[in-house]
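Here is a quick briefing on the model below.

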Amino acid sequence: MAIDRKFLLCGFAYAIAGMGLGLYMAASKNHALFIAHAHILLVGFVVSFIYALVHRLWIAGSSRRLSGVQFYLHQLSTLVMTSGLVAMYSGALPEATLAPVLGLASVGVLLAALLVAWMIVRLPREQAAVMGRGQ
C-alpha cells in the first residue's frame, strides 16, 4: 500500500476516534478529556491527512525507506501521545509517571515533521539529478 494511502487511512481512524471521544464527552457532560480530544484530532487526523497530501502531491517516489520511517515514527508517536493524554486526563495514571513518555512521544512527532520537511527540501535536488542523468 502506498504511503499516502496509509497516512490517509490512519488519519481517518484518528478522526473517528476523536469524534467518538467528543461524543462521549458531550453525552457525559464531562469534558476532562478535551486536551486528549484535541490532540487526537489535530496531531492524529489533521497532520496525518496533510502528510497524505504532501506524500501524494510533492514527494511521491521519494525514498521509500525514509518515507516509511517518517510514517511509522509519526503514527507510533501520535498513538503513544494520545493514549498517554487519555490515561493522564482520565486519572488512570499520574502525570509524573506519564511525563517522560509524553515528552518522548512529542519529540517523535516533531522529528517526523522535520523529516517530511527535509524530504520536501531534498526533492528538487533528487529530481534534478535524475533528469540530468536521463539526458
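Asp4 counts as buried, with a relative accessibility of 14%; here buried means under 20% relative accessible area, exposed means over 50%, and partly exposed is in between (1.4 Å probe, protein chains only). This is a predicted model, where local features need pLDDT of at least 70 and side-chain atom pairs count only at pLDDT 80 or more, while totals for chains, interfaces and linings use all residues. Residues are numbered from 1 along each chain as its sequence is written, and side-chain values use heavy atoms, with hydrogens and water left out.

- Asp4 sits in helix H1; helices (H or I, at least four residues) and strands (E, at least two) are DSSP runs, numbered from the N terminus.
- Setting aside residues up to four places away in sequence, Asp4 touches Ala52, His55 and Arg56, where contact means heavy atoms within 4.5 Å.
- Side chains of opposite charge can pair when their charged atoms come close.
- Asp4 does this with Arg56 in a salt bridge, the closest N and O atoms being 3.4 Å apart; the criterion is a side-chain nitrogen of Lys or Arg within 4 Å of a carboxyl oxygen of Asp or Glu.
- The pair ties together distant parts of the chain, with Asp4 in H1 (residues 3-28) and Arg56 in H2, 52 residues apart.
- How many salt bridges does a search of the whole structure find? The search turns up one.
- Arg56 is exposed, at a relative accessible area of 57%, whereas Asp4 is buried at 14%.

**H2 against H3**

- Helix H2 (residues 34-57) packs on helix H3 (residues 64-89) at an angle of about 170°, their axes 8 Å apart; axes are lines fitted to C-alpha atoms, for helices over the stretch in contact, and angles run from 0 to 180 degrees between N-to-C directions.
- That angle makes H2 roughly antiparallel to H3; under 35 degrees counts as roughly parallel, over 145 as roughly antiparallel, 65 to 115 as roughly perpendicular, and the rest as oblique.
- On the H2 side, the contact residues include Ile35, His39, Val43, Gly44, Val47 and Tyr51, and on the H3 side they include Gln70, His74, Thr78, Met81, Leu85 and Tyr89.
- By class, this contact has 10 nonpolar, 10 polar and no charged residues; Ala, Val, Leu, Ile, Met, Phe, Trp, Tyr, Cys and Pro count as nonpolar, Asp, Glu, Lys and Arg as charged, and the others, Gly among them, as polar.

**H1 against H3**

- The axes of H1 and H3 come within 10 Å and cross at roughly 10°.
- That makes H1 roughly parallel to H3.
- H1 contributes Ile3, Lys6, Phe7, Cys10 and Tyr14, while residues from H3 include Ser67, Phe71, Gln75, Thr78 and Leu79.
- The contact of H1 with H3 comprises seven nonpolar, seven polar and one charged residues.

- Thr78 lies in H3 and is buried, at 0% relative accessibility.
- Beyond four places in sequence, Thr78 touches Tyr14, Val43, Gly44 and Val109.
- Leu21 belongs to H1 and is buried, at 13% relative accessibility.
- Leu21 is in contact with Leu33, Ala36, His37 and Ile40, leaving aside neighbours within four places in sequence.
- From Leu21 to His37 is 16 residues in sequence and 6.4 Å in space, C-alpha to C-alpha.
- Ala13, also found in H1, counts as partly exposed at 46% relative accessibility.

**The loop between H1 and H2**

- Lys29 is found in this loop and counts as exposed, at 69% relative accessibility.
- Most residues other than glycine have a negative phi.
- Lys29 has a positive phi, near 55°.

**The chain overall**

- The chain has four helices and zero strands, running α-α-α-α from the N terminus on.
- Of its 135 residues, 36% are buried.
- Among contacts between residues at least 6 apart in sequence, 76% join residues at least 24 apart.
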